[in-house]
Amino acid sequence: MKLDPNAAAIIACPERTLEVSIPVKMDDGTTKVFTGYRSQHSTIMGPAKGGIRYHQSVNMDEVKTLAFWMTCKCAVANLPYGGGKGGIIVDPSKLSQAELERLTRGYIDRIAPIIGEKMDIPAPDMNTNAQIMGWMMDEYSKLKGQYEPGFITGKPICIGGSLGRTAATGRGVMVAAGEAIKAMGIKPEEATCAVQGFGNVGSWTAKLIHDLGVKIVALSDVYGAIMNEDGLDPYEVEKHVQATGSVVNFPGSKAISNADLLAMEVTVLAPCAMELQITKDNAADVKAKIIVEGANGPTTPEADEILDKNGILVVPDILANGGGVTVSYFEWVQCLYRYFWTEEEVIDKQTQLMIGAFKQVYDTAKKYEVNMRTAAYIVALNRLDEAMKFRGAY
């Protein structure tokens, strides 16, 4: 793409990073100090946008990298956002509900000067949820002296959340899978799919791909994997998970290993669990025609080369799992308007936007004769480069 070196130099560095100390009074009367971060990679195309994670391994390098990924993800979907990311070093399972709330409010107090509906809009991420977003919105509203629902997304519906948000990431993976199947000339009813991971993203991916007419032949979670060549009904599997806590021992299924699931001969493999699942050690075993990345970074660069050589179409994470940030954008728009859409409107708008993004990346891959991941970055960097030129950044 012959990216201008000046643009590359700007994109290589985050615009702003912030490290904060958050003193929290614990239930036993002691005060513990937690470390929090916020990284704003780019505001070239609009305010920074990105989640806040609570995890004991959070560090500045991680939030910087994830903020860069968010910049690219927003640019691929052509959303008016740049990338941001935040986190707190904490194991939330070790805190009481009251301690978690005090930590959450303390974090917002510390990062308040650099966030806002026109500056940086946070969202849920690992170990954060709608309740935590509600506390954040409330604390920020108190600091501003007015109701501020547009400053954060992923909120409960009753305080400015969007219908369709819960299923949004999984719906995006389904749209990407559907478009990839179509591009390869395969009919949905002739296709099969294996989904790794059965959390929010994996379960919705499985249910919505099933609704598309594709046969779901394997599913997994942290406890194990199951398969049935005649097909699994993910809605029934979900009921089993609610009753037992795992997909394991689902009636009529056969137990397999995670390695077996990744190596199954299916039309679509959707890794929706953790990063670094397909590596140089197991990439040669992958027999799927299409990989649609529901998780962030499930494929290593070395594995990418092997998959590419074997003719497997990989729909990259920054395109395939962009459904979450797309509906977060819709939530933000609705909060700014104070006018809310029906779930049908949200689904329709998301589907159209993601079909457009897929087509743009697919066409770019053909034009430059590169794989879909490289094409997605070309689309993202071209948009950022164009915006920088018009804004006079270099």
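Which side chain meets that of Lys-85 in a salt bridge? The partner is Asp-125, with an N to O distance of 2.6 Å. The model is predicted, and a search of the whole structure finds 19 salt bridges.

**Salt bridges of Asp-125**

- The pair of Asp-125 and Lys-85 links distant parts of the chain, with Asp-125 in the loop between S5 and H4 and Lys-85 in strand S4 (residues 82-89), 40 residues apart.
- Both Asp-125 and Lys-85 are buried.
- Asp-125 also meets the side chain of Arg-53 in a salt bridge, at 2.8 Å from N to O.
- Arg-53 belongs to strand S3, whereas Asp-125 sits in the loop between strand S5 (120-124) and helix H4 (130-144), so this pair ties together parts that are 72 residues apart in sequence.
- Arg-53, like Asp-125, is buried.
- In general terms, side chains of opposite charge can pair when their charged atoms come close.

**A salt bridge between helices, and a network**

- Glu-238 and Lys-207 form a salt bridge through their side chains, at 2.9 Å from N to O.
- This pair also links distant parts of the chain: Glu-238 is in helix H7 (residues 234-244) and Lys-207 in helix H6 (residues 200-211), 31 residues apart.
- Lys-207 is buried because its relative accessible area is 3%, under the 20% limit.
- Glu-238 has a relative accessible area of 22% and is therefore partly exposed.

**Negative surface patch**

- A patch of negative charge on the surface gathers Glu-343, Glu-344, Glu-345 and Asp-348.
- Asp-348 is located in helix H12 (residues 343-368).
- The relative accessible area of Asp-348 is 46%, so this residue counts as partly exposed.

- Gly-46 is placed in the loop between strand S2 (31-40) and strand S3 (48-55).
- Gly-46 counts as buried because its relative accessibility is 17%, which falls under the 20% limit.
- Apart from neighbours within four places in sequence, Gly-46 is in contact with Pro-80, Tyr-81 and Gly-82.
- The C-alpha atoms of Gly-46 and Met-119 are 8.0 Å apart in space, while the two residues are 73 residues apart in sequence.

Definitions and conventions: Residues numbered from 1 in each chain as written. Predicted model: local features only at pLDDT ≥ 70, side-chain atom pairs only at ≥ 80, totals over all residues. Heavy atoms only, no water. Helix = DSSP H or I, 4+ residues; strand = E, 2+ residues; numbered from the N terminus. Buried < 20%, exposed > 50% of the residue type's maximum accessible area, 1.4 Å probe, protein only. Contact = heavy atoms within 4.5 Å. Patch = residues over 30% accessible without salt bridge, like charges linked within 9 Å, V, L, I, M, F, W, Y side chains within 5 Å. Areas by Shrake-Rupley, 256 points an atom, 1.4 Å probe, with all protein chains shown as cover. Salt bridge = Lys/Arg side-chain N within 4 Å of Asp/Glu carboxyl O. Lys, Arg positive; Asp, Glu negative; His and termini not counted. Charge placed at Lys NZ, Arg CZ, Asp CG, Glu CD.
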